[in-house]
Every structure is written in structure tokens, then in C-alpha cells.
Amino acid sequence: LKRCCEVVSAHRARPTPNPTAGYSNTILVNLSPIRTARTAAETMADAARDVWKRCTAVCFDVDSTVCQDEAIDRLAEHCGSGAEVKAWTAKAMGGGIGYRESLTARLEIMKPSLATVQKCVSDPPQLTPGIKELVAALHAKGVEVYLVTGGFHRIVVPVAQLLDISTDNIFANKLQFNEAGDYTGFDEAAFTSQTLGKQRVVEELKTRPGHEVVAMIGDGATDMEAKPPADVFIGFGGNAVRDKVKAGADWFVLDFEELRSAL
């Protein structure tokens with residue numbers, strides 16, 4: 001009996017094994033918060049996909065979304081002021097600066113003549129891969145497609161024509177020139193020339209019959225501002241990934257095929 005008690009006592013005194021013994025660099029990580037955050041993001045994306053399938057109208061940003069480049073930067077290159085204007089464009093796309101202020105500053109730097117704009121228009125649009133197929137699929141479903149951009153109407157028209165989008169469905173800025181073709185300003189009444197302009201475009205569209213569910217798709221902070229009233233904002237990172245947009249989007253995609261296959 002005494003021997004049995006000694007054995008039981010020794011067993012009880014035995015130290016609990018340490019699973020990290022011998023691994024001095026082992027780091028124990030609590031993965032619960034990571035799993036929870038990922039689930040929340042997935043839930044938001046699932047809800048966005050559901051809205052996407054029900055959309056009756058879709059608004060696309062043009063620069064760095066429908067097209068691979070920024071047209072205003074391309075125009076600046078034609079004007080010989082590329083680097084300075086490109087810096088302003090980066091600030092505008094990242095947020096934190098009013099769009100009207102940014103647009104005015106860039107145009108004052110460039111002062112593009114009508115001849116220079118026409119030369120820029122002659123450059124073939126560099127469409128983002130997959131956009132033609134996506135727009136065609138939306139049209140096949142009877143969805144109205146719009147191009148909503150802080151860029152310039154004359155430059156966007158060839159893009160719309162390539163995508164079989166009516167030029168009536170373009171919301172863009174219109175430059176003004178005198179009889180000699182010199183730059184004199186832009187149409188300040190245009191929604192897209194204003195801070196929160198894309199929000200105002202969507203507000204106007206939602207008053208039209210058949211535009212009950214509207215999606216906004218784009219790469220920049222001005223696109224994200226369209227929701228609300230847009231029912232869903234889909235961030236696009238196929239040409240440029242902006243952290244603020246990626247974090248704030250209902251659904252963030254890197255290619256248009258993901259959107260087409262989810263219709």
C-alpha cells in the first residue's frame with residue numbers, strides 16, 4: 001500500500017509537458033481576430049455580389065479603370081507638363097483634396113489648346129483587358145452603362161464608341177476655348193467638375209425610371225464617394241491599387257472577369 005501511494009504521488013508531481021520546449025523561437029499567435037475580420041470582409045463582398053447581380057445601371061470610372069492610363073496625364077505630356085500634373089493626379093486619386101481644386105490647378109498648369117486636345121484624342125484608347133466583354137455582358141442583360149469621369153468629354157468619346165456606349169451616357173468635363181483655340185476654362189456646372197460630383201451624378205441617375213439599383217466601379221477616392229446614393233461601390237485595382245479604396249470598397253476586384261462571371 002505504501003508503494004502504491006508513492007507511485008501515485010510521483011505521478012501527480014510530474015510537471016505538465018511544455019509543447020514549446022526545445023523551440024526557443026516559437027511564437028504563439030491568437031488567430032481568432034484574423035479569422036473574424038476575414039469573415040466580415042467576405043460577408044460584405046457576398047452582399048455586394050448580390051447587389052451587383054440585381055443592378056439596373058452601372059457607372060464606370062474611365063481613367064485607370066476602363067482605360068489603363070490617366071488621360072489627363074497623357075494630355076499633360078502633350079502639353080509638356082507631365083511630371084507636375086501627374087503629381088497632382090496622384091494626390092487627387094488618393095483623396096484628401098477637393099476635386100475642383102485639383103482639376104483647376106492641373107488645367108492652369110497645362111492650359112491645353114484645342115489643337116493639343118485633338119492630338120491627344122487621336123491617341124488610341126488603351127482599354128483595360130476584359131472591359132469590352134464585361135460591358136457587352138451588361139448590355140445583354142439590359143443594364144444601362146455609363147462612363148462617369150473627372151476626365152474630358154472629347155477624350156472619352158472614342159472610349160464610349162469602342163464599347164458601344166451611347167455618348168449620351170457620358171458624364172465628363174467639357175473644356176472651353178476661344179475662337180483662336182486657346183484654353184479659357186471648363187464648364188463649372190458639370191457635376192464631374194465638382195467635389196462629390198460623382199455622388200451627384202448617381203443622385204440624378206436614380207431619379208430616372210429603370211435606375212433603381214446603381215453600382216459604381218472605379219479605382220479612386222472620388223469613385224468611392226458615390227456611395228451613397230450608389231447601392232454598391234466596387235473598387236477596381238487592375239491598373240492601380242489605392243489602399244484607401246481597397247479598404248473602403250464593398251467588394252474589391254483586380255480584373256473585370258471576376259465581375260462578368262458574377263453577373
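Predicted model: local features only at pLDDT ≥ 70, side-chain atom pairs only at ≥ 80, totals over all residues.
E6 runs over residues 214-218, and five of its five residues are buried. So what does E6 pair with?

One partner is strand E1, residues 57-60, which lines up with E6 in the parallel sense over four bridges. If you want to click on particular residues, Phe60 has Ile217 as its bridge partner in E6, and Cys59 has Met216 as its partner there.

Another partner is strand E7, residues 232-236, again parallel and over four bridges.

Now let's hop over to E1. Both of its faces are covered too, with Ala57 and Cys59 buried on one side and Val58 and Phe60 buried on the other. E1 also runs parallel to strand E2, residues 144-152, and four bridges join the two. Phe60 turns up again here, with Leu147 as its bridge partner in E2.

Last stop, a helix. H5 covers residues 99-110, so that's 12 residues, and it reaches 17 Å from first C-alpha to last, close to the 16 Å expected at 1.5 Å a residue. Which residues of H5 are buried? They're Tyr99, Ser102, Leu103, Ala105, Arg106, Leu107 and Met110. And just after H5 comes Lys111, with a positive phi of about 45°.

Notes:
Residues numbered from 1 in each chain as written. Heavy atoms only, no water. Buried < 20%, exposed > 50% of the residue type's maximum accessible area, 1.4 Å probe, protein only. Pairing = 2+ DSSP bridges. Expected span 1.5 Å × (residues − 1).
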